[in-house]
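Me: I would like to go through a structure with you, one question at a time. Could you show it first?

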Amino acid sequence: MQILDLSHNNFGGMLPHCLGNFSKDLSVLNLRRNQFHDIIPQKFLKGNSIRTLDFNGNQLEGLVPRSLIICRELEVLDLGNNKINDTFPHWLGALPKLQVLVLRSNNFHGHIGFSKIKSPFMSLRIIDLAHDDFEGDLPEIYLRSLKATMNIDEGLNLSHNYLTGHIPLSFKILKMLESLDLSSNKLSGRIPQELTSLTFLEVLNLSQNHLTGFIPQGSQFQTFGNDSYYGNPRYVDFHYRRDVQLMKY
């Protein structure tokens, strides 16, 4: 068996501890949108072929299993919408094929930007850390790593956390980025003019922060409305050549 898909049912109870000892032929395990609770099994079979683990939309708790590090073929890890209480699993950056990482809407906390790995997350395309309790500066260490591969070409969502500091200039390196959501944090300073180099950017949300200054001109920024910036201090909106008080939206 290569695919086990039990998603969108009403299965409940604890996940069996033997679940990690799946066949070496299993590549997809999808338990999305059920009622499973307690912890994720802590042991995974060495030499497994798993490429997708989707536990989104359950009531799983505890920590992200460190044994996931042996899942060397893993491409998609979706733990979103659970009750996991952990710090950012920076050690996942050693997985050579990981392309999608979803940790949104859990109880993740602490700083994101810490890694002992020289070049973490080298294959990452989508990262969703929204609606957690992360704090501190935006993780430039991971942006610098992605600089070498340009692999974030779909989405980066860090919204609804407690991130502080300025928007890093290193975002300009992600030339293929299509969606950037940093809304509902505590970011300050100006929006870097360098972000206008992201010509593939279709979605931008910087709302509900503490950003100040001018909205950059040029490129995709000509297509973004005021809803991309509302809830910040006063900006000059170059699209309409008029002042806007975004706090009133």
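Me: How many salt bridges does the structure hold?
Reply: The structure holds five salt bridges. A salt bridge is a side-chain nitrogen of Lys or Arg within 4 Å of a carboxyl oxygen of Asp or Glu.

Me: What should I know about the source of these values?
Reply: This is a predicted model, in which local features need pLDDT of at least 70, side-chain atom pairs count only at pLDDT 80 or more, and totals for chains, interfaces and linings use all residues. Residues are numbered from 1 along each chain as its sequence is written, and side-chain values use heavy atoms, with hydrogens and water left out.

Me: Which residue forms a salt bridge with R32?
Reply: The partner of R32 is D78, and their closest N and O atoms are 2.6 Å apart. This pair links distant parts of the chain, 46 residues apart: R32 is in the loop between β3 (28-30) and β4 (35-39), and D78 is in strand β7 (residues 76-78). Strands (E, at least two residues) are DSSP runs, numbered from the N terminus.

Me: Is D78 buried or exposed?
Reply: D78 counts as buried because its relative accessibility is 7%. R32, at a relative accessible area of 22%, is partly exposed. Buried means under 20% relative accessible area, exposed over 50%, and partly exposed in between, using a 1.4 Å probe and protein chains only.

Me: New topic: where is S7?
Reply: S7 is placed in the loop between β1 (3-5) and β2 (12-14). S7 is buried, because its relative accessible area is 16%.

Me: What does S7 touch?
Reply: Leaving out residues up to four places away in sequence, S7 touches N30, L31, R32 and N34. Contact here means heavy atoms within 4.5 Å.

Me: Which side chain is joined to that of S7 by a polar contact?
Reply: The side chain of D5 is joined to that of S7 by a polar contact of 2.6 Å. A polar contact is a pair of N or O atoms within 3.5 Å; within protein, one must be able to donate a hydrogen and the other to accept it, and residues adjacent in sequence count only if both atoms are side-chain atoms.

Conventions. Helices (H or I, at least four residues) and strands (E, at least two) are DSSP runs, numbered from the N terminus.
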